Amino acid sequence: MPYALFDRLPPTHLQIGGGRVDVAFAPGDSAPSKERLLVWISDAARAVSAYYGRLPVERVRVLVTPAPGRGIRNGTTFGYRGAAINVTVGRDTQASDLADDWVMTHEMVHLALPGMGDEHDWLDEGIATYVEPLARSQSGQVPPRKVWADLVWGLPKGLPRPGDRGLDHTPTWGRTYWGGALFCLLADLEIRQRTANRKGLQEALRAVIEAGGNVETRWPIERILDTGDRAIGAPVLHELYDRMKAAPVAVDLDDLWRRLGVRGEGERLTLDDSAPLAAVRRAIVAGGPVAAQSAPVPEVHRLAAKPANRSK
Ligand SMILES: [Zn+2]
């Protein structure tokens, strides 16, 4: 537990997204300079602040612990004595590893959700998995293509296997992280379809922190779903949870990618703006009410507007 070390180490204060990030470095040498590590942590805080509209907590303490090897070895988020993140960084970690890293942003997304019962870990990890690339994209740190490349790579691992008993009762790695992310994508799509693309999962998740929910609090899952559904104006989260909590729900991902206009995978992935749900796909990545206004007008509107303009 990092709290005892936090109390002993002098922190560096960062002011980001209307909140405070206090970073402390555990004793020991590491290849990345403290300055570079602070940039890495700031980038992650800016990413979650872009997605949630602000830093999800007033103050979070981040403890950086050096370890042998290269890369970000481990990250854990705590909430019981104030929001805190412990992250282990390999001593041979390069600047490029930090630039490509997803762990710090993933941990900071955990700041935005109240603690729940263990059987709902899939919602906590699913949101962190789903939101992390969106947050980095909305803050300009990765291209939109990366959001879809991650989902194309990961979501097949979140599909139910034989013997699956639904998200609340199948605590495997695949169902927890990617089954939870699948729930998030399906929720996002359903919210956007029911609100004519005006709202998304982002508005539901923002509503939770605006209602005072974050990692320092503990809520029943129903309260999280209720708060999100009220912000959307439709019971999307409750309905989807009722379908997926205790039963395996199969999803035709190939059909979903075709409708969203996501083709290929990895480095060769391309996005097709003529696909039926291309406008929804763009809105998910653009996010937020401000960004959504500058997003391209959906195809259906453009088609309807052209003849009218011509006749004038
Ligand atoms: Zn996590």
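A cavity is a set of grid points where a 1.4 Å probe fits but cannot get out. The views below are taken from a predicted model.

**View 1. The second largest cavity, with a volume of about 40 Å³.** The lining consists of Thr129, Tyr130, Pro133, Val147, Asp150, Leu151 and Trp178. H5 and helix H6 (144–154) each contribute at least two residues to the lining of this second largest cavity. By class, its lining residues are 5 nonpolar, 1 polar and 1 charged.

**View 2. The largest cavity, with a volume of about 80 Å³.** The structure has 2 cavities of 30 Å³ or more. Around the largest one lie Leu123, Ile127, Phe183, Cys184, Leu201, Ala204, Leu205, Val208, Ile224, Leu225, Gly228 and Leu237. At least two lining residues come from each of H5, H7, helix H8 (201–210) and helix H9 (221–232). The most are given by H8, which supplies 4 residues. The lining of the largest cavity has 11 nonpolar residues, 1 polar residue and no charged residue.

**View 3. The zinc ion and its protein donors, His106, His110 and Glu125.** The donor atoms are NE2 of His106, NE2 of His110 and OE of Glu125, at 2.0 to 2.1 Å from the zinc ion. Along the sequence the donor residues follow the spacing H-x3-H-x14-E. Histidine 106 belongs to helix H4 (residues 103–110) and glutamate 125 to helix H5 (residues 121–138); the pair links distant parts of the chain, 19 residues apart. Both histidine 106 and glutamate 125 are buried.

**View 4. The second largest pocket, with a volume of about 530 Å³.** This pocket is lined by 27 residues, and those closest to its centre are Thr77, His110, Asp124, Glu125 and Val215. Of these, His110 and Glu125 are also protein donors of the zinc ion. S4, H4 and H5 each provide at least two residues of the pocket lining. The lining of the second largest pocket comprises 10 nonpolar, 10 polar and 7 charged residues.

**View 5. The aromatic pair of tyrosine 3 and tyrosine 80, one of the 8 aromatic pairs in the structure.** The ring centres are 5.0 Å apart and the planes stand at 65°, so the pair is edge-to-face. Tyrosine 3 is in helix H1 (residues 3–8), while tyrosine 80 is in the loop between strand S4 (72–78) and strand S5 (84–90), so the contact ties together parts 77 residues apart in sequence. Tyrosine 3 has a relative accessibility of 3% and counts as buried. Tyrosine 80, in contrast, has a relative accessible area of 55% and is exposed. Tyr3 and Tyr80 form one aromatic cluster with Phe78.

**View 6. The aromatic pair of tryptophan 122 and phenylalanine 183.** This pair is edge-to-face, with 5.1 Å from centre to centre and 70° between the planes. It links distant parts of the chain: tryptophan 122 sits in helix H5 and phenylalanine 183 in helix H7 (residues 173–194), 61 residues apart. Tryptophan 122 and phenylalanine 183 are both buried. Phe183 is also among the residues that line the largest cavity.

**View 7. Charged side chains over the rings of tryptophan 153 and tryptophan 219.** The charged end of lysine 157 is placed over the ring of tryptophan 153, at 3.9 Å from the ring centre. Over the face of tryptophan 219 lies arginine 223, 3.8 Å from the centre of the ring.

Technical notes:
Residues are numbered from 1 along each chain as its sequence is written. Side-chain values use heavy atoms; hydrogens and water are left out. Donors are N, O and S atoms within 2.8 Å of the metal (3.2 Å for Na, K and Ca); water is not among the atoms, so sites may look incomplete. Buried means under 20% relative accessible area, exposed over 50%, partly exposed in between (1.4 Å probe, protein chains only). Rings of Phe, Tyr and Trp (its six-membered ring) pair if their centres lie within 6.5 Å; planes under 30 degrees apart count as stacked, over 60 as edge-to-face and the rest as tilted. A charge sits over a ring if NZ of Lys or CZ of Arg is within 6 Å of the ring centre and within 35 degrees of the ring normal. On a 1 Å grid over the protein atoms alone, a cavity is a set of points where a 1.4 Å probe fits but cannot get out, and a pocket is an open set with protein on both sides within 12 Å along at least five of seven lines; lining residues have an atom within 4 Å of a point. Grid points are joined across faces, edges and corners, and a volume is the space filled by probe spheres set on the points. Ala, Val, Leu, Ile, Met, Phe, Trp, Tyr, Cys and Pro count as nonpolar, Asp, Glu, Lys and Arg as charged, and the others, Gly among them, as polar.
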